[in-house]
Amino acid sequence: MISYRASLDVPATTLEAVTRWLIAHRRRAGARPVQRAASARVQALLVLRWFKEATTLKVLAADAGISVATAYRYVHEAIDVLAARAPRLPQVLATARAEQRPYVCLEGT
């Protein structure tokens, strides 16, 4: 196997923010056990690579040294954390109106 370094075209501040949100999520009551296969930073990196580069779960898992099942769970857990922080449609529309935006583009994937 050949290993190499790569760069992800995402600001470091984004990785830091997502990591903080995941740490907070992991500390809440009823969260999965404290002992995890990978750190919150690795989990944040997994989901950012998945979004930005559409990296397969098999590759993400191998790079992180975790199982494919764990990578799947980590990516979907992180998506839930991100979705919970996203503004709701009424808030987006109200902001657009207040800023007198002529249109708003919505992505539904």
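## Basis of the description

Helices (H or I, at least four residues) and strands (E, at least two) are DSSP runs, numbered from the N terminus. This is a predicted model, in which local features need pLDDT of at least 70 and side-chain atom pairs count only at pLDDT 80 or more, while totals for chains, interfaces and linings use all residues. Residues are numbered from 1 along each chain as its sequence is written, and side-chain values use heavy atoms, with hydrogens and water left out.

## Backbone features in loops and segments

Gln100 is found in the segment after H5. Its phi is positive, about 55 degrees, although Gln100 is not a glycine. With a relative accessible area of 70%, Gln100 is exposed; the term buried means under 20% relative accessible area, exposed over 50%, and partly exposed in between (1.4 Å probe, protein chains only).

Ala54 is placed in the loop between helix H2 (40-53) and helix H3 (57-64). Phi of Ala54 is also positive, near 55 degrees, in a residue other than glycine, and Ala54 is exposed at a relative accessible area of 59%. The loop between H3 and H4 holds Gly65, which is exposed with a relative accessible area of 68%. From C-alpha to C-alpha, Gly65 and Leu8 are 19 Å apart in space, and they are 57 residues apart in sequence.

## Salt bridges

The structure holds four salt bridges, a salt bridge being a side-chain nitrogen of Lys or Arg within 4 Å of a carboxyl oxygen of Asp or Glu. One of them joins Asp9 and Lys52, whose closest N and O atoms are 4.0 Å apart. Because Asp9 lies in the segment before helix H1 (12-27) and Lys52 in helix H2, this pair ties together parts that are 43 residues apart in sequence. Asp9 is exposed, at 63% relative accessibility, whereas Lys52 is partly exposed, with a relative accessible area of 47%.

Glu77 and Arg36 meet through their side chains in a salt bridge (2.9 Å, N to O). Glu77 belongs to helix H4 and Arg36 to the loop between H1 and H2, so parts 41 residues apart in sequence are tied together. Glu77 counts as buried at 11% relative accessibility, and Arg36 counts as buried at 17%. A further salt bridge is formed by the side chains of Asp63 and Arg49 (2.9 Å, N to O). This pair links distant parts of the chain, with Asp63 in helix H3 and Arg49 in helix H2, 14 residues apart. Asp63 is exposed at 52% relative accessibility, while Arg49 is buried, with a relative accessible area of 19%.

## Aromatic rings

The structure holds one aromatic pair. The ring centres of Trp50 and Phe51 are 5.4 Å apart and the planes lie at 65 degrees, so the pair is edge-to-face. Rings of Phe, Tyr and Trp (its six-membered ring) pair if their centres lie within 6.5 Å; planes under 30 degrees apart count as stacked, over 60 as edge-to-face and the rest as tilted. Trp50 is partly exposed at 30% relative accessibility, and Phe51 is partly exposed with a relative accessible area of 49%.

Thr70 is found in helix H4 (residues 68-85) and is buried, with a relative accessible area of 11%. Its side chain makes a polar contact with the side chain of Ser67 (2.9 Å). A polar contact is a pair of N or O atoms within 3.5 Å; within protein, one must be able to donate a hydrogen and the other to accept it, and residues adjacent in sequence count only if both atoms are side-chain atoms.
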